[in-house]
Amino acid sequence: MAEVIWGLATSHVPSIGAAMDRQKTDDTNWMDLFEGYAPARAWLAEHRPDVAIVVYNDHANGIDLDFVPTFGLGTAERYPVADEGFGPRQVPEVVGDPDLSLHLLECLMDEGFDLTVFQALDVDHGLTVPLSVWTPDPGDAWPCPVVPVLVNVIQYPQPTAARCYALGEALGRAIRSYRDGVTVGILGTGGMSHQLAGSRAGFINPEFDRMWMETIETDPAKLATLSREDLIRQAGSEGIELIMWLVMRGAMSEQITKIHSHYFVPASNTAAGLALFDNRVPQPEPVPGPPPREKALT
Ligand code: DHB
Ligand code: FE
């Protein structure tokens, strides 16, 4: 049985990556954000998994807007860093794990999740910024291979929060049925509240964000009842990215332990959040059900 050892939820705001790439992390505007990351980064450096699954969304950089799959999965050997208009970020190429990808694909298909398959994919800030939040100084390579799981959060109608949570639960079962001894870190990316355009541009809802941050740990099923419209209304048109945290959470155990969390406003014109959870927690005994009823004799 393979095991999810941790889950990391983090915003993917592109300017967070740019601040790191341009050595601006000690500037007064950025210092508090990056100081808030430090305890999570230190813990993660001590808990390197064999492979990471990154649940993320592309922003029309790797995938043409004419073809936006609701859910997708990368099966490539390597994922080049996308050029988002200023040249690709100077960070390592992302190395894939086709063997795990194909296992997940088969299991998820069998459970009724018909994922679009990406045999080639350039990965944008949605994936590379979370990797930088985890590992600020990767050197020549990220800490481990990565399997990208893609969710459409940019074109209406996005999948429901409930469907994302169910995908996460199926993903958890698929991971556990993989090769013995393999350790997995899972990242849920995007958020927190933000709206980049329109009359509510700059909309941020700290009260909602704090509720989400707490409830993702304790009662994710409750968050999964929120409708797409609830999410857009309360978190902003781009804040709906938070549904990707539910895919991560669904793949984790019922009980998890928070290692660290951090909330910061504003990064760009966005609320940024990070929450790191240990998944290696003893689970409560299942509540015994009523004894099986005797079959009526016919
Ligand atoms: C920005 C872009 C994003 O994709 C996001 O999730 C938050 C902020 C931005 O361009 O500022
Ligand atoms: Fe985004």
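Helices (H or I, at least four residues) and strands (E, at least two) are DSSP runs, numbered from the N terminus.

This is a predicted model: local features need pLDDT of at least 70, side-chain atom pairs count only at pLDDT 80 or more, and totals for chains, interfaces and linings use all residues. Residues are numbered from 1 along each chain as its sequence is written, and side-chain values use heavy atoms, with hydrogens and water left out.

1. Start with Ser 268. It sits in the loop between strand 9 (257–267) and strand 10 (270–278). Its phi is positive, about 55°, although Ser 268 is not a glycine. Ser 268 has 46% relative accessibility and counts as partly exposed (buried is under 20% relative accessible area, exposed over 50%, partly exposed in between; 1.4 Å probe, protein chains only).

2. Ala 60 also deserves a look. Its phi is near 65°, a positive value in a residue other than glycine. The loop between strand 2 (51–56) and strand 3 (71–74) holds Ala 60. With a relative accessible area of 37%, Ala 60 is partly exposed.

3. Check the peptide bonds next. Most residues other than glycine have a negative phi, and most peptide bonds are trans. Tyr 156 and Pro 157 are joined by a cis peptide bond, with omega about -5°. Pro 157 belongs to the loop between strand 7 (146–151) and helix 5 (161–176).

4. There is also a cis bond from Gly 191 to Met 192, where omega is near 0°. Met 192 lies in the loop between strand 8 (183–189) and helix 6 (206–218).

5. One more loop residue is Asp 27, placed between helix 1 (14–21) and helix 2 (28–45). Asp 27 is partly exposed, at 36% relative accessibility.

Conventions: Chains are lettered from A and ligands numbered from 1 in the order in which they are written.
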